[in-house]
Amino acid sequence: MPRPFSSQLHDHLIPWTKLNWPVDWPALFGRQAQLEVEIGFGNGGFLADRASRYPNRDFIGIERSLASTHRIFKRIERDGLTNIRVLLGDAAFALNHLFAPESVTQVFVNFSDPWPKERHHSRRLIQPSFLDLVGRRLCEDGQVTIATDHEGYALWIEDAFEHQRMLASVHETVAIDQIEGRSPTKYEQRALDAGVPIRYYEWKRCAPVHESARDERIEEVPNVILDGTFDVDTLLDAFDGSTWQGEHEGVSVVVKLGCAFQDRDRGHVLIETMVREGAFAQHLAIALIYRPPSQLLVKPSPIGHPRPTWGVKQAVQFVTQTLCVACPGLRVASSTLGESVDAEPFRAS
Ligand SMILES: C[S@@+](CC[C@H](N)C(=O)[O-])C[C@H]1O[C@@H](n2cnc3c(N)ncnc32)[C@H](O)[C@@H]1O
């Protein structure tokens, strides 16, 4: 009798939006072990085989398809694997935020989507910047293995390797055409059956990592206290459709404010908010909590457990600025935002 999907999710899926970043992997697995990552694991067969072959290592599968997580859960449950966890999200975002520099021993990228049309090439996962990021997450002697059966993508990957600085081929050649003893993925088996040549890239870290470790803690909820006079109707009308766009550490950030809703009894207000940072989008509410006689506390509502990212801090800043412009009688009495966010108020539309 299979266990309900909800309890499988609880055991095998990483609740990464509710954890400190980077994730403390030894605490999550309950032991110190080498960490391997597979990006885009599809049906999960390759990852599950590897996890059962190497019980002393821990494995993270990063996927953006929920259907794929269903499939791998079946294998995890069937084989009783305790050394795999699944991370549902975008690979580049996850590697960047959830893994500390030099923390991974092996990364696999098996048959990632080749996006054959020229106008879609920018969607290809393998780019020089992505390879540099992978290199910075690999520990000394750590290795990345990339496989493809798409000729055009192979050329693209080789060009990307030429333009990155962190990795060097393990072999004398850029690629090899087979790896002994490897258990094939679904797409790999399909290519083998059809006689389509496969290119395997095995590259290891070859340069020092100059990246300071980040530490983003979930309990750091940003807030601002405003003090002064305001008119509630003006305040409720101030937000609808306002957008802020900018960039943080090379990632594009968008904050969009929607409708404002007011609690009839206490006067508190919730503002519908969307924050997008690269591929990571959060839908949340910014709360304006009325503290009589003259204060408003601005902070993300705990509804939906928003992650206090830079973008969410920026959203609190944007709401504060929008409020101060709409209600000139308000001024900032205190703020936890400090210099961390973008103070320029009028890149808004
Ligand atoms: C072509 S399939 C290959 C599946 C499997 N690796 C195999 O070889 O059979 C590519 C997989 O990568 C996943 N994927 C594509 N882009 C991704 C990204 N940016 N982050 C995480 N997963 C991604 C897709 O959902 C899909 O399951």
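Q: What covers the buried residues of H6?
A: The cover includes H5, E4, strand E5 (138-148), helix H7 (151-162), strand E6 (167-169) and strand E7 (199-205). The buried residues of H6 are Phe-130, Leu-131, Val-134, Gly-135, Arg-136 and Arg-137. This is a predicted model: local features need pLDDT of at least 70, side-chain atom pairs count only at pLDDT 80 or more, and totals for chains, interfaces and linings use all residues. Residues are numbered from 1 along each chain as its sequence is written.

Q: What makes a run of residues a helix or a strand, and how many does the chain have?
A: Both are DSSP runs, numbered from the N terminus: helices are H or I with at least four residues, strands are E with at least two. The chain has 10 helices and 14 strands.

Q: What is the phi of Phe-111, and what is that of Glu-249?
A: Phi of Phe-111 is near 55 degrees, a positive value in a residue other than glycine. Phi of Glu-249 is near 50 degrees, also positive in a residue other than glycine. Most residues other than glycine have a negative phi, and most peptide bonds are trans.

Q: Which peptide bond next to Pro-22 is cis?
A: The bond that joins Trp-21 and Pro-22 is cis, with omega about -10 degrees. Pro-22 is in the loop between helix H1 (5-12) and helix H2 (25-29).

Q: Which peptide bond ends at Pro-293, and what is its omega?
A: The bond from Pro-292 to Pro-293 is cis, with omega near 10 degrees. Pro-293 lies in the loop between strand E12 (280-291) and strand E13 (295-300).

Q: Why does Val-269 count as buried?
A: Val-269 has 23 C-beta neighbours inside 10 Å, so Val-269 counts as buried. Val-269 lies in strand E11 (residues 269-277).

Q: Which residues does Val-269 touch?
A: Two residues are in contact if their C-beta atoms, placed from the backbone, lie within 7 Å. Leaving out residues up to four places away in sequence, Val-269 touches Leu-235, Leu-236, Ala-260, Phe-261, Gln-262 and Leu-288.

Q: What makes the crossing of H5 and H6 left-handed?
A: A crossing is left-handed if the near helix is turned anticlockwise from the far one by less than a right angle, and right-handed if clockwise. H5 passes H6 in a left-handed crossing. The axes of helix H5 (residues 91-98) and helix H6 (residues 128-137) come within 10 Å and cross at roughly 35 degrees. Axes here are lines fitted to C-alpha atoms over the stretch in contact, with angles running from 0 to 180 degrees between N-to-C directions.

Q: Which residues make the contact of H5 with H6?
A: H5 brings Ala-92, Leu-95 and Asn-96, and H6 brings Phe-130, Leu-133, Val-134 and Arg-137. By class, the contact has five nonpolar, one polar and one charged residues. Ala, Val, Leu, Ile, Met, Phe, Trp, Tyr, Cys and Pro count as nonpolar, Asp, Glu, Lys and Arg as charged, and the others, Gly among them, as polar.

Q: What makes a residue part of the shell around the ligand, and which come nearest?
A: A residue is near a molecule if its C-beta atom, placed from the backbone, lies within 6 Å of it. Of the 20 residues around the ligand, Gly-40, Gly-42, Ala-91, Phe-111 and Thr-185 come nearest. Strand E2 (58-63) and helix H8 (186-194) are the elements that give two or more residues to this shell. The largest share, three residues, comes from H8. By class, the shell has seven nonpolar, seven polar and six charged residues.

Note on methods
Buried ≥ 20, exposed ≤ 12 C-beta atoms within 10 Å, placed from the backbone.
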